[in-house]
Amino acid sequence: MPKFLIQATYTSEGTKGLLSEGASGRRAAVDQVVSGLGGKVETMYFAFGEDDIVLIVDFPDPVSMAAVSLTVKASGALHTRATPLLTIDEIDEAARRQVNFRAPGP
């Protein structure tokens, strides 16, 4: 199952919701969304600095990740980034594939 790193920052409205609901309430909401699309939350951490939340999630396919991303962003409560994570075996396979490429320039 494809894994994704999700990094998110709350807007002021999202932070107000976190303050009223608590971290455990947000975790339950995230679990519900992810499992509703056949996925699983591997880990979820709250942080401070550039990101407020960091998660690693498994989804059955990239379209499921895109659906969650669009819905969350449309809420206006969070700014998110989702990064596909690849295994060592997947990178080894990519390294073995032939790619015809010519760099730009003379």
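This is a predicted model: local features need pLDDT of at least 70, side-chain atom pairs count only at pLDDT 80 or more; totals for chains, interfaces and linings use all residues.
View 1. The side chain of Arg97 meets that of Glu93 in a salt bridge, with 2.4 Å from N to O. Glu93 has a relative accessible area of 35%, which makes this residue partly exposed.

View 2. Take the link between Lys3 and Glu42: their closest N and O atoms sit 2.4 Å apart. This pair connects distant parts of the chain, since Lys3 belongs to strand E1 (residues 3–10) and Glu42 to strand E2 (residues 40–46), 39 residues apart. Lys3 is partly exposed, at a relative accessible area of 29%. Glu42 is partly exposed too, and its value is 44%.

**View 3. Lys16 and Glu13 in helix H1.** Now for a pair within a helix: Lys16 and Glu13 both lie in H1, which covers residues 12–21. They are three residues apart, or about one turn of the helix. Their side chains meet in a salt bridge of 3.1 Å, N to O. Glu13 is exposed, with a relative accessible area of 53%.

**The wider picture.** How many salt bridges does the structure hold? There are seven, and the pairs shown above are among them.

Note on methods:
Residues are numbered from 1 along each chain as its sequence is written. Side-chain values use heavy atoms; hydrogens and water are left out. A salt bridge is a side-chain nitrogen of Lys or Arg within 4 Å of a carboxyl oxygen of Asp or Glu. Helices (H or I, at least four residues) and strands (E, at least two) are DSSP runs, numbered from the N terminus. Buried means under 20% relative accessible area, exposed over 50%, partly exposed in between (1.4 Å probe, protein chains only).
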